[in-house]
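The exercises below concern a model of a protein complex.

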Amino acid sequence: MSMMLQFANVIVFLGVGVLFLSFSLLLSSLLRPSKYSEEKLIPYECGENPVGSPWIQFNIRFYVFALIFIIFDVEVAFLLPWAVVFKKLGLFAFVEGLIFIAILAVGLAYVWAKGDLQWVRPEERYGR
Amino acid sequence: MLMDNLQSLRYFYPELTLIVAMLVVVIVDISFNRLRNVLNPLLTIAALLIAAYFTAYVNHGQEANLFLGMLALDSFAQFFKLFLLLAALLVVLGSLHSEELLQVHQGEFFALLLAVTLGMLLMANSINLAILYLSLELVSLTSYIMVGYLKGDRLSNEASLKYILFGAISTGSMLYGFSLIYGMTGSLNLYTIRDAFLSQGVQGFDQFTILLALVLTLAGFGFKTAAVPFHFWCPDVYAGAPTPVTAFLSVAPKAAGFAILVRFLFSGMTQTSGSEWGLVNGINWPLVLIGISVLTMTLGNIAALTQNNLKRMLAYSSIAHAGYILMGSVVLTGEGLKSMLIYMFVYLFMNLGAFLVVTIIYNSDRSFEIGDYHGMFKRAPFLTFAMGVFMLSLTGIPPFAGFLGKLYVFLAVIEKGLFWFAVVGTLNAAVAAFYYMRVIKAMVLEEGNGKTAPLHVSFLNQALLVALLIPNLILVVFWNPIERWTASSVKLFSGL
């Protein structure tokens, strides 16, 4: 049961959070003047006036780039702790890290050769 | 013997071989434009053979806990690893002349197949819930891609999406079950979990939490083995995927799923006596498994009766076979386990054989409908003969290997005194006979629909057919080596 009691902390935390937020929102809505204009209601896009609807279909290529990015994101997440203790671990860890990078490099080479790194995809040389 | 990471590498050669081969296949695929279609299959086959060699000879008879208790090296894992490598090898050979796959680029197919095989080997090895989950996800994610491999085919895409959705839910619930187990016992290692349960006694834990954790975990295993009620994805995925992939999915991940199920139940959840279910009082676990098993085989067989698409029919039949295999797990003895392994071993040959025939017929006729199989006997007598053997073997008719599997499973159940269970199994086999015979009838007795040209079967496929026919024909006579092999594979559990 003691473990369940520990979860009580979470619930208290949650309750306090909700209370605090609703209190401050309520307070500010009571205090602030409410004058609406058309400019205030348009979405904020760094000062630019938005053109058209944001509900458009994004190019599917963004997805491929995001996927490729994830690979290197993960690489950094793994290599950072490796680099921090690099000197202590010695040659073995160095070789290990190199193998890891080499495996990822194969992935990069694959993506490159498939033409996925170009925004306008060339005629597919590989595969149909 | 507990080994650290560097020491373990010596026993990790089969998996390392697959990893290296996977990378090499990718490199070959992008660097040799002309040679790659020859090199990739050769590389894949070589890698599988080398991995099998390491598993069978170099690692033979050694027992150790690798990577600080993450993986087990034992005879049980060895059986499954050889089984899975053999299945992968047969599927690679069967996929080479598949018109479905020839339409698309093949390079990634081999890399993916190696990845999924690697995942399954790890599944068979793992004794830690974390690595078990990771390897299961490796298998799942790769098979989602393989199922959707025909990018232009809507059915294939739909199958892949369905598979992802079902897979995500099941593995998610399984992970939740793992987290509850971890919360209760403070460990992810199966043996430590068992010791924690034993030392505090089951009464020391909240009964409801234990029940919830185990049911959630079983959901994940049930998904991989396609047991009712986690089977819904099965027919659509099997029908949509390229046929070689379907053949692969119907055998290999299912076997890996049974491997983790057995390991989880026997290593993690059973008391040292080994013959009793020592864990959750008040819940009759054998009865639960019997229930799942009976439901699985009955539903699979009855649903298969009305299928006209051969791939869907074989999908339901593979659900039914999962039910038969589960029968062995109900009996918590070495006999029960042994019967599971024997069943899986013969199932490999008969099911892959049936799917190979489907692939060959699709190559020339572009159809999976049973109506288009009419009159096949006149066009391809040998193919019809082979299909007949596979179908009879799947039914479990005596001179063929399928009989051996059913015999051992039923015997194990009867020895435990569960006569009615064996009767249910037998009745199910009788129901199954109807739809298997229907295929034979369509091929042999029905009049052909105009087509009279002999069906082309490539030499490779003919050789493969013969290779798959031989075990189906001779295993009943030469069952002794199989019996000895499986018996030594389950020593780990039966000796508990």
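**Exercise 1.** Determine which secondary-structure elements chain A holds, and decide whether the chain is spread out or a compact globule.

*Solution.* Step 1: chain A has 5 helices and 0 strands, where helices (H or I, at least four residues) and strands (E, at least two) are DSSP runs numbered from the N terminus. Step 2: read from the N terminus, the order of elements in chain A is α-α-α-α-α. Step 3: for 128 residues the globule rule gives 14 Å, whereas the radius of gyration of chain A is 26 Å, so chain A is more spread out than a compact globule. Here the radius of gyration is taken over C-alpha atoms, and the globule rule is 2.2 Å times the number of residues to the power 0.38. Step 4: the C-alpha trace of chain A spans about 60 × 55 × 30 Å along its principal axes. Step 5: 0% of the 128 residues of chain A count as buried; a residue is buried if 20 or more other C-beta atoms lie within 10 Å of its own, exposed if 12 or fewer, and partly exposed in between, with C-beta atoms placed from the backbone.

**Exercise 2.** State how far the model may be trusted, with attention to chain B.

*Solution.* Step 1: the model is predicted; local features need pLDDT of at least 70, side-chain atom pairs count only at pLDDT 80 or more, and totals for chains, interfaces and linings use all residues. Residues are numbered from 1 along each chain as its sequence is written, while chains are lettered from A and ligands numbered from 1 in the order in which they are written. Step 2: pLDDT is the predictor's confidence in each residue, from 0 to 100; chain B averages 87, and 95% of its residues score at least 70. Step 3: within chain B, helix α7 (residues 129–147) has the highest mean, 94, and helix α22 (residues 491–494) the lowest, 68. Where pLDDT is low, the predicted coordinates should not be read in detail. Step 4: for the complex, the predictor gives an ipTM of 0.75 and a pTM of 0.88.

**Exercise 3.** Locate B:F67 and B:R366, and decide whether each is buried or exposed.

*Solution.* Step 1: B:F67 is not a glycine, yet its phi is positive, near 50 degrees. B:F67 sits in the loop between β1 (64–66) and β2 (71–73) of chain B, and is buried, with 20 other C-beta atoms within 10 Å. Step 2: B:R366, also not a glycine, has a positive phi of about 55 degrees. B:R366 belongs to the loop between α15 (334–365) and α16 (376–379) of chain B and counts as exposed, with 10 C-beta neighbours inside 10 Å.
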